[in-house]
Amino acid sequence: MFAYCLFDLDGTLTDPREGITKSVQHALRSFGIEEPDLKKLEPFIGPPLKDSFMEFYGLDGEEAGRAVAVYRERFAPVGILENRIYPGILQMLERLCQRGTRLAVASSKPTCFVKQILAHFDIEKYFDVVVGSELDGTRAEKEEVVEEALKQLGILTVPVEKRHSLCAMAGDRKFDIQGAKAYGLTGIGVRFGFAKDGELEEAGAEFIAETVEELGTFLCGTEA
């Protein structure tokens, strides 16, 4: 159906909840904040970390920057591999590549971490382009990531009105759908990730996949 497809990483290709929430817990502890319920930290999965520390725990910009640094002290050596690939993702990626679809990862996670995770699960070979944020905090917004991915795929110059049928963006949070809409892509929400009830609908997702199999069927036109 689509010649190009962008995928979010966390909550779309892999389930990173253990590594992310435990690393957030570690960062909060450095500020004297004890949060024993990891479920409460799942909203950190998806948006830029600095923004989340500010929004959910009231840290100012400087404090949030320090929290991100402490988070990475645990995430980089340990949390990054407290992760699992969703069942069926590998088969879906293989099928998409077989039909000639060019694939990209567009994540708010730092690019170096994204590439390490893709390599760990041996799925980096399916992606023509991998774009994330930078460790210094730049290119953290999903719109910026999507723009760079489209640029590297060579389709940023395609008229916006033609991109909708040419390229899709699949993700589990409103930020992914907003990024897709900002550049005229077909926005696909996945329910098996970490969106709140109604989040994907409110963001304007044009299709919502309840399972990996449904996502593959929509993208490929056949069973994933």
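In what sense do β4 and strand β5 pair, and over how many bridges? The first legend takes this up. The model shown in every view is predicted.

**View 1. Strand β4 and its partners.**
β4 and β5 pair in the parallel sense, over four bridges. Strand β4 covers residues 102-110, and strand β5 covers residues 129-133. P110 stands opposite S133 in β5. Between these strands the chain passes through helix α5, residues 111-120. This β-α-β crossover is right-handed. β4 also pairs with β1: the two run parallel and are joined by four bridges. Here F7 has V105 of β4 as its bridge partner. Strand β4 is mostly covered, with eight of its nine residues buried.

**View 2. The buried side of helix α10.**
Helix α10 spans residues 212-220. Its buried residues are V212, L215, G216, L219 and C220. They lie on the same side of α10, because their arc around the axis is only 110°. In general, residues three or four places apart in an α-helix point the same way, because the helix has 3.6 residues a turn.

K22 and E18 form a salt bridge. Their closest N and O atoms are 3.0 Å apart. Both residues belong to helix α1, residues 17-29. They are four residues apart, so about one helical turn separates them. K22 is partly exposed, at 28% relative accessible area. E18 is partly exposed too, at 37%. The structure holds 17 salt bridges.

**View 4**
E62 forms a salt bridge with R66. Here the closest N and O atoms are 3.7 Å apart. Both residues lie in helix α3, residues 61-75. The spacing is four residues, about one turn of the helix. Is E62 buried or exposed? E62 is exposed, with a relative accessible area of 61%. R66 counts as partly exposed, at 41% relative accessibility.

One of its residues, K39, forms a salt bridge with E42. The closest N and O atoms of K39 and E42 are 3.5 Å apart. K39 is exposed, with a relative accessible area of 55%. E42 is buried, with a relative accessible area of 14%.

**View 3. Rings of F75 and F113.**
The structure holds nine aromatic pairs. One is formed by the rings of F75 and F113, with centres 5.3 Å apart. Their planes meet at 65°, so the pair is edge-to-face. The pair links distant parts of the chain. F75 sits in helix α3 and F113 in helix α5, 38 residues apart. Both F75 and F113 are buried.

**View 4. Rings of Y86 and F192.**
The ring centres of Y86 and F192 are 5.1 Å apart. Their planes lie at 75°, so this pair is edge-to-face. Y86 is buried, with a relative accessible area of 7%. F192 is buried, with a relative accessible area of 16%.

**View 5. An aromatic cluster.**
Which residues form one aromatic cluster? The members are F44, F53, F56 and Y57.

**View 6. Q116 in helix α5.**
Q116 is found in helix α5. It counts as partly exposed, at 36% relative accessibility. Q116 and G65 are 51 residues apart along the chain. Their C-alpha atoms are separated by 23 Å.

Methods. Residues are numbered from 1 along each chain as its sequence is written. This is a predicted model: local features need pLDDT of at least 70, side-chain atom pairs count only at pLDDT 80 or more; totals for chains, interfaces and linings use all residues. Side-chain values use heavy atoms; hydrogens and water are left out. Buried means under 20% relative accessible area, exposed over 50%, partly exposed in between (1.4 Å probe, protein chains only). The arc is that of the directions from the helix axis to the C-beta atoms. Two strands pair if DSSP finds at least two bridges between them. A crossover is right-handed if, with the strands pointing away from the viewer, the path from the first strand over the helix to the second runs clockwise. A salt bridge is a side-chain nitrogen of Lys or Arg within 4 Å of a carboxyl oxygen of Asp or Glu. Rings of Phe, Tyr and Trp (its six-membered ring) pair if their centres lie within 6.5 Å; planes under 30 degrees apart count as stacked, over 60 as edge-to-face and the rest as tilted.
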